[in-house]
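I open a new page for this chain.

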Amino acid sequence: MTVRASDILKAIQKLNPSEKHRLREYLIDALTASSLTGTVLDEISERKNKDGYRCPDCESEHIVRFGKYSTIVDGEEVKKQRYRCKACRKTFTDLTNTALYRTRHLNRWMKFIECMIEGYSLRKSAELIGGVTHVTLFYWRHKLLSALKQMKSSKFQGIVEMDETYFLYSEKGKRKIKDRKPRKRGESAKKRGISNEQVCVLVARDRDKMTFSQTLGMGRLTKEQLDKAIGHKLSHENVLCTDAWRAFKTYAAEKELSIYQFKSDGKVRTKGLYHIQNVNNYHRRLKGWIQRFNGVATKYLNNYLAWFQVLESIHHQRNEVTMNEMIIKGNLIPSVETYDTLRLSKFTV
């Protein structure tokens with residue numbers, strides 16, 4: 001019996017929303033590679049070495065091929081190139097000091113990237129991937145994000161919207177907190193308004209969607225923090241759109257930048273082309289997305305900001321192109337984090 005495509009389409013139209021969602025998930029899984037392909041590894045090698053081979057230890061360019069090593073890709077043993085530095089005599093591979101370095105389960109990384117794009121928790125991801133624990137996935141997640149947050153962004157163009165938002169300082173996961181009593185999940189700050197209990201996150205965005213988001217410190221934003229964070233990304237051609245906080249006005253005056261400010265009461269939302277609606281909408285999406293993790297330790301907050309920024313750039317779409325691009329970009333930037341350095345790290349600005 002021959003089934004026509006038109007019959008299949010008619011049957012799909014009769015499905016309820018829940019059934020359509022399950023069908024969509026099935027088709028994505030069926031059409032998307034479930035394991036890390038050799039093509040992706042080759043692409044990492046080509047992009048990483050586009051300017052020639054360089055030793056990751058001493059930066060020497062005097063590199064020679066030094067045999068091959070075996071790795072498992074798509075369930076098969078694959079031989080990959082090893083190199084040796086003639087200056088320091090150390091050997092390395094294309095994956096040395098990357099998120100994939102010394103990973104024993106390369107065949108599970110694509111499924112892991114799927115879970116990253118969907119924003120699943122570590123435990124749910126471990127359940128879906130199988131064969132790895134949530135502790136291992138914690139290490140994978142933050143190795144990848146530590147690299148992604150180092151991605152360099154270009155300078156802002158034209159109108160730049162800026163606004164700060166605040167997250168309650170958190171030491172989630174820490175067993176012994178000395179300076180204060182542990183807070184229960186969802187508990188609010190002891191002090192009203194903005195205080196040193198809250199972490200300031202600056203988001204700046206131009207109309208081409210080039211975005212900067214980063215923690216700047218505790219409490220209110222200062223012009224010194226603003227200049228250090230994005231001063232090098234601004235020029236006299238930029239026009240700033242901000243809220244009414246005085247640090248923005250003082251900074252713009254010192255740098256001789258044009259500025260339009262809007263009060264938080266919302267009575268005046270736009271002045272022609274000038275407004276801060278884009279950055280405020282970004283804040284709303286960011287906070288809504290972070291809520292799914294039931295709180296984020298402040299020392300990891302910059303990693304989550306980078307994660308959300310990548311998801312926004314791919315419009316939260318999970319397909320072969322976005323998955324490949326995310327894993328390739330995350331392995332072009334050196335990442336030397338270990339489980340211990342991640343676990344024992346502290347929040348600094």
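**Salt bridges**

I began with arginine 205 and glutamate 312, whose side chains meet in a salt bridge at 4.0 Å, N to O. For this term I require a side-chain nitrogen of Lys or Arg within 4 Å of a carboxyl oxygen of Asp or Glu. The pair links distant parts of the chain: arginine 205 sits in strand β5 (residues 198–206) and glutamate 312 in helix α10, 107 residues apart. Arginine 205 and glutamate 312 are both buried. Buried means under 20% relative accessible area, exposed over 50%, and partly exposed in between (1.4 Å probe, protein chains only).

I noted the ground rules next. This is a predicted model: local features need pLDDT of at least 70, side-chain atom pairs count only at pLDDT 80 or more, and totals for chains, interfaces and linings use all residues. Residues are numbered from 1 along each chain as its sequence is written, and side-chain values use heavy atoms, with hydrogens and water left out.

I then searched the whole structure and found 18 salt bridges. Glutamate 118 pairs with arginine 318, the closest N and O atoms being 2.7 Å apart. Glutamate 118 is in helix α4 and arginine 318 in the loop between α10 (301–313) and α11 (320–329), so this bridge ties together parts 200 residues apart in sequence. Arginine 318 is buried at 6% relative accessibility. Glutamate 118 is partly exposed at 23%.

Aspartate 57 and lysine 90 form another bridge, 3.3 Å from N to O. Aspartate 57 is in the loop between α3 (38–48) and β1 (63–73), and lysine 90 in the loop between β2 (76–85) and β3 (91–93), 33 residues apart. Both ends are partly exposed: aspartate 57 at 48%, lysine 90 at 43%.

I also logged a network of salt bridges that links Glu43, Arg47, Glu325 and Lys329.

**Elements and helix packing**

I counted 12 helices and 10 strands. These are DSSP runs numbered from the N terminus: helices are H or I, at least four residues, and strands are E, at least two.

How do the axes of α4 and α5 cross? Helix α4 (residues 109–118) and helix α5 (residues 122–129) have axes that come within 10 Å and cross at roughly 145°. Axes are lines fitted to C-alpha atoms, for helices over the stretch in contact, and angles run from 0 to 180 degrees between N-to-C directions. Lys111, Phe112 and Cys115 of α4 meet Ser125, Leu128 and Ile129 of α5. Contact means heavy atoms within 4.5 Å.

**Cores**

I looked up the largest nonpolar core and found 55 residues, with Trp109, Ile113, Trp307 and Met326 making the most contacts inside it. Such a core is a set of buried Ala, Val, Leu, Ile, Met, Phe, Trp, Tyr and Cys residues joined through side-chain atoms within 4.5 Å. Another core of 22 residues lies apart from it, with Phe156, Val160, Cys200 and Leu240 among them.

Beyond four places in sequence, tryptophan 307 contacts Met116, Gly119, Arg141, Leu145, Trp289, Phe293 and Met326.

**Threonine 165**

I checked threonine 165 in strand β4 (residues 159–168). Threonine 165 is buried at 8%. Leaving out residues up to four places away, threonine 165 touches Val199, Cys200, Val201, His283 and Lys287. The C-alpha atoms of threonine 165 and lysine 287 are 9.4 Å apart, though 122 residues separate them along the chain.
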